[in-house]
Amino acid sequence: MEKTSTVIKSSILAGICIGIAGFGFLALGGIAGAVLFAFGLITVVCYKLKLYTGTAGFIVKGEAGKLLIILLGNIVGCLMVALLARVSPMDLQGAAQKILAGRLSIGPVRAGLLAIGCGFLMTTAVTFARRGQWLPLLFAVPMFILCGFPHCIADAFYYLTVPFSFIMENIWSVLLLYVCLVIGNFIGCNLYRLIMFGEEKV
């Protein structure tokens, strides 16, 4: 049984890893930026850190509280990196605002449905990476970005980087959007288990 303090520290570090990956994506963008984002998940898996989308597909009954702690810790880690992004001379805030504006334009329900795709890719990638097979991870990360499948932890970093004025103008829409992304990712992370319930895992 892991100590709560250990879970908190690990989840904050995981958030920092994803935040740094998001920092790189905002700075570079495009296919190259999407590929570099894979650094975040590779680091999380190698260090065995607690990431919401790397954990949700493997939790067992009674671990909902632990998953919430991981989500909150991830957000704190993202906030730390977002503070760095705010002092960067690059227009990271503008790039992050474009991402958030795009999410808001399609609405929380559609964004949440798209988030299912990201969750499925993440659980698949982590499953194979734990077996020492890294290619699925290297493909899955750029794929979820290029397909526009929201990742709730990456999005936490983007939203925390966006100018405060824009966030405050859309605060309730942003909160509803974020809840839908978290739910969508959770469903996607467990899609294999939901469909193959009672069957032997591959």
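## Exercises on salt bridges, rings and a surface patch

Lys66 has a relative accessible area of 25%, and is therefore partly exposed, where buried means under 20% relative accessible area, exposed means over 50% and partly exposed lies in between, with a 1.4 Å probe and protein chains only. The model is predicted, so that local features need pLDDT of at least 70 and side-chain atom pairs count only at pLDDT 80 or more, while totals for chains, interfaces and linings use all residues. Residues are numbered from 1 along each chain as its sequence is written, and side-chain values use heavy atoms, with hydrogens and water left out.

**Exercise 1. Find the salt bridges in the whole structure and state which parts of the chain they link.**

Step 1. A salt bridge needs a side-chain nitrogen of Lys or Arg within 4 Å of a carboxyl oxygen of Asp or Glu, and the search of the whole structure returns three of them.

Step 2. Lys50 and Glu2 meet through their side chains at 3.0 Å, N to O. This pair links distant parts of the chain, since Lys50 is in the loop between α3 and α4 (52–55) and Glu2 is in the segment before α1, 48 residues apart. Helices such as these are DSSP runs of H or I with at least four residues, strands being runs of E with at least two, and both are numbered from the N terminus.

Step 3. Glu2 also forms a salt bridge with Lys66, again at 3.0 Å, N to O. Because Glu2 lies in the segment before α1 and Lys66 in helix α5 (residues 64–86), this pair ties together parts that are 64 residues apart in sequence. Glu2, Lys50 and Lys66 are thus linked in a network of salt bridges, in which Lys50 is buried at 15% relative accessible area, whereas Glu2 is partly exposed at 39%.

Step 4. In the pair of Asp155 and Arg103, the closest N and O atoms are 2.7 Å apart. Asp155 belongs to helix α9 and Arg103 to helix α6 (residues 92–106), so parts that are 52 residues apart in sequence are tied together. Both Asp155 and Arg103 are buried.

**Exercise 2. How many aromatic pairs are there, and how are the planes of Phe25 and Tyr158 set?**

Step 1. Rings of Phe, Tyr and Trp (its six-membered ring) pair if their centres lie within 6.5 Å, and planes under 30 degrees apart count as stacked, over 60 as edge-to-face and the rest as tilted. This rule gives a count of four aromatic pairs.

Step 2. The ring centres of Phe25 and Tyr158 are 6.4 Å apart and the planes stand at 50 degrees, so this pair is tilted. Phe25 is in helix α1 and Tyr158 in helix α9 (residues 152–161), so the pair joins parts that are 133 residues apart in sequence. Phe25 is buried at 14% relative accessibility, and Tyr158 is buried at 4%.

Step 3. For Phe37 and Phe144 the centres are 6.0 Å apart and the planes are at 85 degrees, so the pair is edge-to-face. Since Phe37 lies in the loop between α2 and α3 and Phe144 in helix α8, parts that are 107 residues apart in sequence are tied together.

Step 4. Ring pairs also link Phe25, Phe157 and Tyr158 into a cluster.

**Exercise 3. Which residues make the nonpolar surface patch, and is Asn185 buried or exposed?**

Step 1. Patches are made of residues with over 30% relative accessible area and no salt bridge, with like charges joined within 9 Å and nonpolar side chains (Val, Leu, Ile, Met, Phe, Trp, Tyr) within 5 Å. Val179, Ile183, Phe186, Ile187, Leu194, Ile195 and Met196 make a patch of about 620 Å², the areas coming from the Shrake-Rupley method with a 1.4 Å probe, where for residues only the protein chains shown count as cover.

Step 2. α11 (171–189) and α12 (191–195) are the elements that give two or more residues to this patch, and α11 gives the most, with four. Phe186 is in helix α11 and is partly exposed, with a relative accessible area of 31%.

Step 3. Asn185 is likewise placed in helix α11, but counts as buried at 0% relative accessibility. With contact meaning heavy atoms within 4.5 Å, and leaving aside neighbours within four places in sequence, Asn185 touches residues including Tyr52, Ala115, Cys118 and His151.
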